[in-house]
Amino acid sequence: MTDLKDKIGLIVGVANKRSISWAIAQAAAAAGAKLVVTYQGERLEENVRELSESLVNPLILPCDVTDDAQIDRVFAEIDAQLGGLDFLVHGAAFAPPKELSAPFVQTSRDGFRLSLDVSTYSLIALTRGALPLMERRGGGSVLTLTYLGSERVFQNYNVMGVAKAALEATVRYLAADLGPKGIRVNAISAGPIKTLAASGIAGFSGILQVYRDRAPLRRTVEAAEVAEAAMFLLSPAGRAVTAEVLMVDGGFHAIGT
Ligand code: NAP
């Protein structure tokens, strides 16, 4: 079993108990990590506080990832209360609903900007904030969540596919930048899972069925399975792995016809 005892982790992107970030938080807590969990806006504060009652003494902070002042406050607070950081899990993503239903060619400038700001740029901003705290601990591990829609066209995934392509490139550039400091940066490309974010994609149930029919494992994946793969990348077991997009999708990505 993964050992994250004495490790401190920041988890961004918990909306509710179905969130992939929450599954990772639970696995990391079970492995002994001390966690900082953020929530976006008052709407989600109660959810995150309630869920976090199962964690040992978590630090719970607000963080809208489009707001640099909030990001600064998160890291100032971690610095003041915990003095360092060993890992960061980035599970924030958003695209305005109309960008996920209109034909892709109708993608608006504002919708594009907001989708890439929340879903892609935020990885750079959060990693930059984490950097001095990870350096103090002698290195660290950054993990984000992506989807195969970065490489292939999935109906209604639209601008989110563009955001995920940029996110995967961001992983590689950050990994190259920070590798010499002992900081690894990776992504997990998860198969489709019914979460709040997924509910915004029309036809999502159809995508799940395609995975059941055609993935080599003939099934979809669960958030807990993504979390187990995350434990590998966050823990010393993954210490030689960086700049990687690890497919946790039952093998669907390998299938042609
Ligand atoms: P989720 O539970 O809805 O998590 C997405 C999180 O991003 C929510 O907590 C959401 O908060 C947050 N977020 C949106 N805008 C934000 C902002 N400005 N600042 C801070 N947080 C913000 O859905 P999920 O499926 O677990 O998604 C987690 C990650 O996995 C995403 O990157 C997603 O693209 C990726 N992923 C999901 C699947 C899937 O099938 N579910 C597959 C592959 C990859 P709000 O609810 O307030 O917007």
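In these legends, two residues are in contact when heavy atoms of theirs lie within 4.5 Å of each other, and the model in every view is a predicted one.

**Figure 1. Helices α4 and α5 in contact.**
In this view, Phe-112, Ser-115, Leu-116, Ser-119, Thr-120, Leu-123, Ile-124, Thr-127 and Leu-131 of α4 meet residues of α5, which are Val-159, Met-160, Val-162, Ala-163, Ala-166, Leu-167, Thr-170, Val-171, Leu-174 and Leu-178. Sorted by class, the residues of this contact between α4 and α5 comprise 14 nonpolar and 5 polar ones, with no charged residue. Two packed helices are described by the angle between their axes and by the distance between those axes. For α4 (residues 109–136) and α5 (residues 158–178), the angle is about 20° and the axes are 8 Å apart. Because angles under 35 degrees count as roughly parallel, α4 is described as roughly parallel to α5. The crossing in which α4 passes α5 is right-handed.

**Figure 2. Helices α3 and α4 in contact.**
Helix α3 (residues 68–82) packs against α4 at an angle of about 15°, and the two axes are 9 Å apart; α3 and α4 are therefore roughly parallel to each other. Their crossing is right-handed. On the α3 side, Asp-68, Ile-71, Phe-75, Ile-78 and Asp-79 take part in the contact, and they meet Ala-125, Leu-126, Gly-129, Ala-130, Leu-133 and Arg-136 of α4. Which classes of residue make up the contact of α3 with α4? The residues divide into 7 nonpolar, 1 polar and 3 charged.

**Figure 3. Helices α1 and α7 in contact.**
Helix α1 (residues 20–30) and helix α7 (residues 223–234) have axes that are 8 Å apart, and they pack at an angle of about 55°, which makes α1 oblique to α7. The crossing of α1 past α7 is right-handed. Ile-20, Ala-23, Ile-24, Ala-27 and Ala-28 from α1 meet Ala-223, Ala-224, Val-226, Ala-227, Ala-230, Met-231 and Leu-234 from α7. This contact of α1 with α7 has 12 nonpolar residues, and neither polar nor charged residues belong to it.

The open sheet has 7 strands, which follow one another in the order β3-β2-β1-β4-β5-β6-β7 and pair in parallel. Strands β3 and β7 (245–248) stand at the edges, each with a single partner strand, so one side of each has no neighbour in the sheet. On average, and with direction ignored, neighbouring strands of this sheet are turned by 20° against each other. Helix α1 lies across β1 (8–12), β2, β4 and β5, and runs at about 150° to β5. Helix α7, in turn, lies across β4, β5, β6 (183–190) and β7, and runs at about 165° to β6.

**Figure 4. Two strand pairs of the sheet.**
Strand β2 (residues 34–39) and strand β3 (residues 59–62) run parallel and are joined by 4 bridges, and Val-36 has Leu-59 of β3 as its bridge partner.

Technical notes
Residues numbered from 1 in each chain as written. Predicted model: local features only at pLDDT ≥ 70, side-chain atom pairs only at ≥ 80, totals over all residues. Heavy atoms only, no water. Axes fitted to C-alpha atoms, helices over the stretch in contact; angles between N-to-C directions. Parallel < 35°, antiparallel > 145°, perpendicular 65-115°, else oblique. Left-handed = near helix turned anticlockwise from the far one by under 90°. Nonpolar A, V, L, I, M, F, W, Y, C, P; charged D, E, K, R; others polar. Pairing = 2+ DSSP bridges.
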